[in-house]
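Here are my notes for someone opening this entry for the first time. Have the sequence and the 3D view at hand while you read.

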Amino acid sequence: MTRTLLAVALATTTATLTAACSLATPNDLLNDAAETAPSESIDTTLHDAIAELPVDDEVRDGYDRDKFKHWIDEDDNGCDTRYEVLISEAVDEPDVSDDCDLTGGKWLSYYDNEEFTDPGDLDIDHMVPLAESWDSGARDWTDDDRERYANDLDEEAGLVAVSASSNRQKGDQDPAEWMPSEEDVACQYVTEWTIVKTRWQLSVDETEKGVLEDISADCEDVDLTIEYAMPTS
């Protein structure tokens with residue numbers, strides 16, 4: 001489902017996140033291979049999910065964008081994460097060459113309601129920016145976990161194709177500092193932000209949480225089924 005369809009369906013359907021947590025067994029250790037166990041999930045609502053976000057101070061010390069390896073071609077099909085998102089979110093499906101050159105497609109940047117036919121005019125935005133994720137918990141992750149986060153194709157909310165200008169205006173800012181210029185997508189934006197923060201068990205600062213609560217107060221309290229990408233205690 002394209003992100004445009006997700007926006008239409010937000011009020012009546014659940015936002016589903018798909019991920020897997022890896023757990024090592026004695027056999028795995030002997031064979032140097034890890035088995036993937038079913039991920040834990042939570043059934044909640046938008047308002048409850050925001051209420052449950054843990055509050056903590058942000059810590060930027062040690063941040064380096066290179067600590068989040070991207071973009072990768074996880075399935076070795078010739079299209080890296082950037083192009084997988086472009087293919088998935090196209091309003092009009094593009095032709096895809098063997099080397100993943102995209103032609104003939106059309107995209108809608110929902111942050112500013114701008115349409116594009118040249119994929120080079122689009123950036124792939126991390127809904128929760130890499131620096132923000134570092135500030136709110138990713139600094140304690142392994143390199144592999146940060147790579148999974150930076151290339152998370154299992155959750156549609158995590159990565160979004162948007163105009164280069166809107167992505168650069170947003171930078172590494174949270175919703176207390178930046179929101180899309182299109183006011184009618186505010187509910188979609190705070191929902192997707194909350195999904196990603198919950199999925200990856202990231203904290204929020206006090207101001208950020210207050211703004212999420214204020215904006216979501218005018219949004220329908222949609223049901224969410226959120227699958228965690230990290231092991232839960």
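The points below go from the whole chain to its disulfides, then to a helix, a strand pair and the aromatic rings.

1. **What you are looking at.** This is a predicted model, in which local features need pLDDT of at least 70, side-chain atom pairs count only at pLDDT 80 or more, and totals for chains, interfaces and linings use all residues. Residues are numbered from 1 along each chain as its sequence is written, and side-chain values use heavy atoms, with hydrogens and water left out.

2. **The chain overall.** The protein chain has 9 helices and 11 strands; helices (H or I, at least four residues) and strands (E, at least two) are DSSP runs, numbered from the N terminus. Of its 233 residues, 46% are buried. Buried means under 20% relative accessible area, exposed over 50%, and partly exposed in between (1.4 Å probe, protein chains only). The chain exposes about 11800 Å², with carbon and sulfur atoms supplying 44% of that area; accessible areas come from the Shrake-Rupley method with a 1.4 Å probe, and for residues only the protein chains shown count as cover. Among contacts (heavy atoms within 4.5 Å) with a separation of 6 or more, 75% are between residues 24 or more positions apart.

3. **How many disulfides?** The structure holds 2, a disulfide here being a pair of cysteine sulfur atoms within 2.5 Å. If you number the bonded cysteines in sequence order, the pairing reads 1-2, 3-4. As a reminder, a disulfide is a covalent bond between the sulfur atoms of two cysteines.

4. **The C79 and C100 link.** The sulfur atoms of C79 and C100 are 1.9 Å apart. This disulfide is right-handed because the torsion about its S-S bond is about 110°. The pair ties together distant parts of the chain, 21 residues apart: C79 sits in the loop between helix 3 (46-52) and helix 4 (81-89), and C100 in the loop between strand 5 (95-96) and strand 6 (102-103). C79 counts as buried at 6% relative accessibility, and C100 counts as buried at 3%.

5. **The C187 and C219 link.** C187 and C219 are joined with an S to S distance of 2.0 Å. Their link is left-handed, with -95° about the S-S bond. Again distant parts of the chain are linked, this time 32 residues apart: C187 belongs to helix 8 (residues 186-199), while C219 is in the loop between helix 9 (206-216) and strand 11 (223-227). Buried or partly exposed? C187 is partly exposed, with a relative accessible area of 30%, whereas C219 counts as buried at 8%.

6. **Helix 8.** Take a look at this helix while you are there. Helix 8 is mostly covered, with 13 of its 14 residues buried. Its end C-alpha atoms are 20 Å apart, which agrees with the 20 Å that its 14 residues should span at 1.5 Å a residue; the expected span is 1.5 Å times one less than the number of residues. Q201, with a positive phi near 55°, follows the helix.

7. **Strands 9 and 10.** Strand 9 (residues 122-126) is mostly covered too, since 5 of its 5 residues are buried. L122, I124 and H126 point one way from strand 9, D123 and D125 point the other way, and all are buried. Strand 9 runs antiparallel to strand 10 (residues 159-163), and 5 bridges join them; two strands pair if DSSP finds at least two bridges between them.

8. Rings of Phe, Tyr and Trp (its six-membered ring) pair if their centres lie within 6.5 Å; planes under 30 degrees apart count as stacked, over 60 as edge-to-face and the rest as tilted. By that rule there are 12 aromatic pairs. One of them is the tilted pair of Y63 and F68, 6.3 Å centre to centre with 50° between the planes. Ring pairs link Y63, F68, W134, W141, Y149 and W200 into a cluster. S133, in helix 5 (residues 130-135), counts as buried at 0% relative accessibility. Not counting residues up to four places away in sequence, S133 touches F68, V128, A138, Y149 and L202.
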